[in-house]
Amino acid sequence: MTVLATAGHVDHGKSTLVNFLTGQETDRLAEEKQRGLTINLGFTHFEYKEKVFSIVDVPGHSDYFKNTVSGFSNVDGILFCVDITQGWSQQSEDHFLSLINLGINNVLFFLTKIDKSETSINKGFLKDKLNNYKDLNFKIVEFSSLNSDHLSIKKTIYNFFSKTENQKNPASMWVDRVFTIDGIGKIVTGTASKDMQFEKVYVNGQHSELEIKELQTIGKKINTSNLYSSRVAISLKKNNKSNPKKGSLLSNFVSLPADYIFFKPKISYEKFDSRGTLRVYVGTHNQIINKFKTVQINGQTVCVVQLNKSISLLNFQKILLHNLSKNIFFGGDVVFATENTYLIKNLLKNYKKNQNIISEEFFSLVPGSFIRNSSDYKKIGDFYISNEKLISLEEHIKSNFNEINKDGVKEYFYKKLFINYSEIDQLFENFSLFKLNQNQIIVNNTLNINQEVLKEIKVSLGNKLSVNTIEFRNYKKEDVKALFMNSYLYRVSDSLVISREHKEELIKIIHTLPEEFSITNFKEASKLSRKYTIPFLEFLDREAITKKINSDGVRRKIL
């Protein structure tokens, strides 16, 4: 399925085009019919050559702009209508700049009402305007609901969007409607991104899974968990602990709430005047924000938004700011989000002093988007830490041992080292001198390496990467733990363990591959079966040697 949204000024023919394509009216409210304009989002679809195109029909009137931006969430492209008799209006510009700042670059423009004799815009003017945007992938189509051929217009849409790249969105579905049907119960709808799956779904930052009774798309029951980009209706079980609302985020893992959003802008910051009232749009959520600042991190401009109320969101989520006072737009991709006010205060203080934040120096655990390829990193949750920083952090613990235990490990690490509670346990697995016990640090007394055990395990594993399975219950727990804690052994999966030498062999193979490589590339270079290929790649991701960059398993080297 390809999900498209309409865009364009009120009365420029969006709903007329949708009706032309589908034979359905998307304006269903009495007020919409009475006033002849779209207020809420409308949904319908059509098929061409066995391909389904789902359409989100958005309002064109400025009074309902919040609903308009909600309709752009996770779509693959845009059907943008411009009335040839009225020309390019201010609302056309607002919708267009919103799309540009949201990074939605696949846009099919329809010059509507071409059967009229009077014109205020022509194809040449629009083409000249659009050519100023280098990343924009567009085509201009002339359209009349009276004279255009249905099959020809559908073919144009099919051909255009069949050749475009999918929009890059994190695995998510932002709720745009919630309603109840008698005898069925509560229904939530939204546009699911390409990588969103429905085996395990979490709402915002809640830890309990969403209890789903049934999934539907275009009125048909869905029996697969991976839908690619799709319009989805979720029927909820009656006693659901989670309570999704319009603006809620559905994702495949528990996301932490955030009060501060860091994003990299799509356009130069100098073009955005932040004075006045700012509204932020994230997915189908929006709110007036408290503050907006910019900082330099590793020499690049990063914008920091302080929210009025916390929300859960994902990295690489598209975000839009609207200066309501001056009616200008600004947006980009989320690269980091946090609720840690201690981190923010120190970051702004550091930036004021140095005019640049060096990520490895400032962050104890570096967000993935701020990594520079100058160090050997380990992955801790969604963050990274260099071996050098691990050593210095262990020295810090040694020097502040009593103070840390007095404050409590979690509290000290959160306030002074800016490390979330959720990452602490995994972080301590990498320390050799200390371990964690009920929010207190204790000295690790299991560091003696039993060389005989190590030698026996290495012989049992073998020299090849297609290692044998080891029965660790045949050895003393303390001996095995010491080997893992001192990086003589690595756990790849529940049933797969490798030695330090195996890891070094994997790194050598990665060095022979291109900067970005596929699963097949790695499989051929390593001569491994699929039984080992995927677990090893996931292990290399955790060790921050590689990074998965898309749902097809393509990796980028971090070495």
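**Reading strands, helices and rings**

Modeller: Thr189 stands opposite Ala233, a residue of strand E12. The model is a predicted one.

Colleague: Which strand is joined to E12 by six bridges, and in which sense do the two run?

Modeller: Strands of a sheet pair through backbone hydrogen bonds, and the pairing is either parallel or antiparallel. Here strand E8 (residues 185–192) is joined by six bridges to strand E12 (residues 230–236), and the two run antiparallel.

Colleague: Which strands form the open sheet, and in what order?

Modeller: There are seven, in the order E9-E13-E7-E8-E12-E10-E11, with antiparallel pairing. At the edges are strand E9 (202–203) and strand E11 (220–221), each of which pairs on one side only.

Colleague: Where is there a hairpin with two residues between its strands?

Modeller: Look at E17 and E18, which form a hairpin with two residues between them. In the turn, Asn298 has a positive phi of about 55 degrees. Seven bridges hold strand E17 (residues 291–297) to E18 in the antiparallel sense. Lys291, for example, has Gln306 of E18 as its bridge partner.

Colleague: Which other strand is joined to E18, and by how many bridges?

Modeller: Strand E14 (residues 257–265) is joined to strand E18 (residues 300–312) by six bridges, again running antiparallel. Phe263 stands opposite Cys303 in E18.

Colleague: Next, burial. Is strand E19 mostly covered or mostly open?

Modeller: Strand E19 (residues 318–323) is mostly covered, with six of its six residues buried. Consider the directions of the side chains too. Lys318, Leu320 and His322 point one way from E19, while Ile319, Leu321 and Asn323 point the other way, and all are buried.

Colleague: Which strands pair with E19?

Modeller: Strand E15 (residues 278–282) pairs with E19 in the antiparallel sense over five bridges, and the bridge partner of Val280 is Leu321 in E19. Strand E20 (residues 328–338) is joined to E19 by six bridges and also runs antiparallel to E19. There, Ile319 has Gly332 of E20 as its bridge partner. E19 and E20 form a hairpin with four residues between them, and Asn327 in the turn has a positive phi of about 55 degrees.

Colleague: Now the helices. At what angle do H11 and H12 pack?

Modeller: Helix H11 (residues 409–416) packs against helix H12 (residues 421–428) at an angle of about 105 degrees, and their axes are 10 Å apart. That angle lies in the range 65 to 115 degrees, which makes H11 roughly perpendicular to H12.

Colleague: Which residues make the contact?

Modeller: From H11 come Val409, Lys410, Glu411, Phe413 and Tyr414, and from H12 come Tyr421, Ile424, Leu427 and Phe428. By class, the residues of the contact of H11 with H12 are seven nonpolar, two charged and no polar.

Colleague: What describes a pair of aromatic rings?

Modeller: Two values do: the distance of the centres and the angle of the planes. With a limit of 6.5 Å between centres, the count comes to 36 aromatic pairs. One of these is Phe80 with Trp88, a stacked pair at 5.5 Å centre to centre and 10 degrees between the planes.

Colleague: Are Phe80 and Trp88 buried or exposed?

Modeller: Phe80 is buried, and Trp88 is buried as well.

Colleague: Which residues do ring pairs link into a cluster?

Modeller: The cluster linked by ring pairs consists of Phe262, Phe336, Phe362, Phe363, Phe370, Phe383 and Phe418.

Key. Residues are numbered from 1 along each chain as its sequence is written. This is a predicted model: local features need pLDDT of at least 70, side-chain atom pairs count only at pLDDT 80 or more; totals for chains, interfaces and linings use all residues. Side-chain values use heavy atoms; hydrogens and water are left out. Axes are lines fitted to C-alpha atoms, for helices over the stretch in contact, and angles run from 0 to 180 degrees between N-to-C directions. Angles under 35 degrees count as roughly parallel, over 145 as roughly antiparallel, 65 to 115 as roughly perpendicular and the rest as oblique. Contact means heavy atoms within 4.5 Å. Ala, Val, Leu, Ile, Met, Phe, Trp, Tyr, Cys and Pro count as nonpolar, Asp, Glu, Lys and Arg as charged, and the others, Gly among them, as polar. Buried means under 20% relative accessible area, exposed over 50%, partly exposed in between (1.4 Å probe, protein chains only). Two strands pair if DSSP finds at least two bridges between them. Rings of Phe, Tyr and Trp (its six-membered ring) pair if their centres lie within 6.5 Å; planes under 30 degrees apart count as stacked, over 60 as edge-to-face and the rest as tilted.
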